[in-house]
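Subject: Structure handover and notes

Hello,

Here is the structure for you to look over. My notes follow below it.

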Amino acid sequence: MTDIIAKAYAYRKMIEDAAQYLPDEKVQDSVRLFPVWDGSGVSYEAGTKVSYNGIVYKVLTAHVSQAGWTPTAAPSLFAEVLTDPDRILPWKQPDSTNPYAKGDKVTHNGFTWISDVDGNVWEPSAYGWSKIE
């Protein structure tokens with residue numbers, strides 16, 4: 001039985017490693033493929049994706065994790081992945097580290113919007129968005 005458990009852990013590690021190559025647009029449909037964020041001194045490289053509370057985050061800066069540096073509490077270390085090409089998600093206020101790209105679509109205030117610019121951090125209807133009829 002121990003051999004089966006060891007193999008299961010090895011396969012899980014392979015799945016988590018392979019998931020790192022998914023494009024940002026696909027990660028929110030695949031949250032369970034990513035390693036769960038661990039605050040017990042794990043070394044994270046920039047670009048690594050982790051899940052936390054059912055959401056995928058990208059590591060912005062290489063660091064060794066600490067208990068209080070959760071993805072939601074440390075925006076200088078993590079950015080939520082906000083887009084998915086297979087479905088249009090509700091708009092969320094991005095940080096400067098995870099802006100919307102030109103062509104990204106969101107829903108907001110009962111309408112669907114498309115970003116007209118790269119690096120878009122503005123609320124739809126304020127600037128940089130067109131309403132889709």
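Glu-80 is buried, at 19% relative accessible area. Buried means under 20%, exposed over 50%, and partly exposed in between, with a 1.4 Å probe and protein chains only. The residue sits in strand β5, residues 78-80. Its side chain makes a polar contact of 2.7 Å with the side chain of Lys-92. A polar contact is a pair of N or O atoms within 3.5 Å; within protein, one must be able to donate a hydrogen and the other to accept it, and residues adjacent in sequence count only if both atoms are side-chain atoms. Lys-92 is also among the residues that Glu-80 touches, along with Gln-28, Ile-55, Val-56, Tyr-57 and Asn-98, leaving out residues up to four places away in sequence. Contact here means heavy atoms within 4.5 Å.

Before you go further: this is a predicted model, where local features need pLDDT of at least 70, side-chain atom pairs count only at pLDDT 80 or more, and totals for chains, interfaces and linings use all residues. Residues are numbered from 1 along each chain as its sequence is written, and side-chain values use heavy atoms, with hydrogens and water left out.

The overall picture

The chain has one helix and nine strands. Their order along the sequence is α-β-β-β-β-β-β-β-β-β. Helices (H or I, at least four residues) and strands (E, at least two) are DSSP runs, numbered from the N terminus. The C-alpha atoms fill a box of roughly 60 × 30 × 20 Å along the principal axes. Of the 133 residues, 34% count as buried. Among contacts between residues at least 6 apart in sequence, 25% join residues at least 24 apart.

The core

Which residues make up the largest nonpolar core? There are nine: Trp-37, Tyr-44, Val-50, Tyr-52, Tyr-57, Val-59, Ala-74, Leu-77 and Phe-78. Strands β2 (49-52) and β3 (55-59) each supply at least two residues of this core. Such a core is a set of buried Ala, Val, Leu, Ile, Met, Phe, Trp, Tyr and Cys residues joined through side-chain atoms within 4.5 Å. In soluble globular proteins, nonpolar side chains tend to be buried together. Leu-77 touches Lys-58, Val-59, Leu-60, Thr-61, His-63 and Trp-69, again not counting residues up to four places away.

Thr-48

Thr-48 lies in the loop between β1 (43-44) and β2. Beyond its neighbours within four places in sequence, Thr-48 contacts Gln-20, Tyr-57, Lys-58 and Val-59.

Two positive phi values

Asn-53 has phi near 55°, a positive value in a residue other than glycine. Asn-53 lies in the loop between β2 and β3. Its relative accessible area is 66%, so it counts as exposed. Ser-125 is not a glycine either, yet has a positive phi of about 85°. Ser-125 is in the loop between β8 (111-115) and β9 (129-132). Ser-125 is exposed too, at 56%.

The helix

Asp-17 belongs to helix α1, residues 2-19. Asp-17 is partly exposed, at 36% relative accessibility. Asp-17 and Ser-43 are 26 residues apart in sequence, and their C-alpha atoms are 14 Å apart.

Best wishes
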